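Hi,

Here is the structure I promised to pass on. Have a look at it first, then read my notes below.

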Amino acid sequence: MKRMAARLGLLVFGFSLAVMGSAVPAQADEGWVITSFASSIDVHSDSSLSIVEDIHVDFGSLQKHGIFRYIPVRYSHDSRNDRYYDLTVDSVTDGARHLPYTTYLGGADQVIKIGDPNVLVSGANRYVITYTVAGAMNAFADHDELFWNVDGGQWPVAKQSVKAIVTVPTGSFQMGTCYQGPTGSREQCAMSVKENLLTYVSTRRLDSGEQLSVVAGLNKGAVNVPPPLLEPRARSFPADAFDIDPLILVIGALILIAGIGLIAWMWWEHGRDREYLTNYYVSNDPHERTDPLFHHEPVVVEFAPPQNLKAAQLGLILDESADTKDVTATIVDLAARGHMTITEVDGAKDWLLTWKAADISSLLPYEATLLDGLFTGRQQVKLSDLKGTFHATLQKAEGNILDDAMARKFFTSRPDYARGRWGCLGIVILAIGGFATYQLGINFGWGLVGLAVIVVGMVLIVTARYMPQRTAAGREVMQHALGFRLYMNTAEKYRQQFAEKAEIFTQLLPYAIVFGCVTKWAKAFEGIDTSASNSWYVGSRPFQAALIASSLESMNSSISTAVASTPAGSGSSGFGGGGSSGGGGGGGGGGSW
């Protein structure tokens with residue numbers, strides 16, 4: 001996981017560099033060149049380095065204040081620590097007089113900015129930078145080593161020649177090599193040795209992005225190489241936030257197990273339905289219990305809706321949600337009961353609803369809300385006209401359906417409130433987990449502990465839908481509703497009865513919509529004349545069960561879209577496979593300003 005996080009961080013960092021690079025005009029530093037870059041490096045007995053960089057540049061006709069030079073002084077050493085070099089700038093001159101300069105740390109680099117902000121220069125200029133470095137040499141079993149990037153590959157212009165002269169203690173030299181070219185190149189440069197002077201010279205012009213790296217191996221003990229200078233890494237997120245440690249894994253696993261266990265216990269206590277202890281009860285019978293986990297009660301066919309409840313009421317009991325399907329069923333039910341007519345609009349996938357004056361005293365609150373929302377101030381309305389304007393009425397009607405269920409004591413609390421409470425708690429835990437992941441990760445590398453909290457929050461959000469709890473009365477109605485749904489889904493078995501009572505097709509059609517079995521319900525009436533029961537639906541073709549079923553399926557889809565719409569440097573060796581151009585200490589680059 002940490003490796004994946006680190007890769008993601010590197011990808012983001014690389015993308016950022018690409019964007020930054022693309023944002024700077026390519027011509028910003030064109031027109032000048034580094035004519036020569038010469039470095040003199042003295043290796044002292046305490047392994048410190050005295051370095052003098054003699055940089056000749058030609059700005060041509062460009063007007064510049066000077067140059068800046070940046071040298072890496074911090075490298076990733078291991079999973080917890082950074083290695084750093086102690087670099088001190090002693091002076092900056094033009095070979096004869098001192099030049100103004102400032103120094104500062106820019107990330108992992110020591111930056112040396114040379115020049116006077118009030119003075120512009122052009123043409124040929126010389127910059128001689130003198131500095132000392134401690135902690136840059138590496139100790140190996142058979143030799144001590146200087147692996148140094150002389151000039152760095154991050155200059156925006158070419159270097160016509162690069163040279164380095166390394167002075168080592170007399171009699172200490174054992175072996176040497178050098179590399180030139182882009183980072184990772186194994187191309188050799190020219191090297192010569194004369195007593196304790198090692199000379200390295202590029203064999204060609206080095207373009208932007210190319211550099212010269214030198215390696216000098218000394219006899220063991222010729223210089224005193226102390227252990228690398230290390231300090232705890234300032235962690236970055238997400239690359240360093242997810243340490244893999246047994247203690248961290250154990251704590252994270254315990255939080256995850258405890259959190260999910262607590263969610264399971266809360267569902268066990270507050271999410272499972274209640275049930276009566278016996279089949280014979282009265283509405284205020286206190287003898288009930290939580291429904292056993294693996295208890296399964298067989299469904300018995302019911303031939304009528306339980307307690308004469310309306311389709312939307314049964315829809316809520318079954319799925320614990322008031323939705324547009326319940327609204328569609330209610331509209332059809334109101335039409336079948338004489339409160340409106342539904343007319344297909346020729347040549348358009350649309351329906352015209354026309355209000356009919358009828359007694360509304362017996363309407364339930366959610367039915368009255370729907371009628372008011374549809375027809376207040378008008379006699380007719382097309383479904384397509386409701387788009388973007390009916391959402392408030394829909395929400396109020398759904399709230400009425402939920403309130404009706406609570407008035408009948410079908411749930412211990414309103415299902416939407418129960419889901420909302422658990423969902424909000426999940427979001428809070430998710431936010432706490434996110435904060436903990438960042439803070440623990442950036443400060444201690446314990447991001448996995450916070451990640452466990454995030455997972456607990458996500459599980460709570462996902463399981464919130466299962467938290468509404470039916471009362472024993474609600475569960476009893478649900479069992480009868482399941483039996484009634486079974487009857488409507490297997491209606492073809494009862495075709496003989498339907499032939500004698502065809503009006504039942506329209507009477508129970510709203511329930512078929514809620515149960516999602518309109519097609520099956522209509523198929524049971526194939527060949528049976530149901531037109532006598534129709535005074536509420538006007539279509540382009542004669543009223544038939546199959547045709548009305550197909551039309552209502554399309555109408556339900558239209559209502560769902562219409563009424564629900566709202567307004568719009570590790571210290572590796574430079575010899576063998578570990579050496580290449582760009583390796584070792586030093587390097588960096590520079591530019592002009």
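**What turned up**

Strands here are DSSP runs of E with at least two residues, helices are runs of H or I with at least four, and both are numbered from the N terminus. Two strands pair if DSSP finds at least two bridges between them. S4 and S5 (residues 81–84) have 3 bridges, and tyrosine 75 is partnered with arginine 83 in S5.

By the way, this is a predicted model: local features need pLDDT of at least 70 and side-chain atom pairs 80 or more, while totals for chains, interfaces and linings use all residues. Residues are numbered from 1 along each chain as its sequence is written, and side-chain values use heavy atoms, without hydrogens and water.

Next, the cysteines. There is 1 disulfide (cysteine sulfur atoms within 2.5 Å), and it joins cysteine 178 to cysteine 189, S to S 1.6 Å. The torsion about that S-S bond is about -140°, so the disulfide is left-handed. Both cysteine 178 and cysteine 189 are buried (under 20% relative accessible area; exposed is over 50%, partly exposed in between, with a 1.4 Å probe and protein chains only). Cysteine 424 is partly exposed because its relative accessibility is 48%.

Finally, glycine 433 sits in helix H7 (residues 415–444). Leaving aside neighbours within four places in sequence, glycine 433 is in contact (heavy atoms within 4.5 Å) with Gly450, Val453 and Ile454.

Cheers
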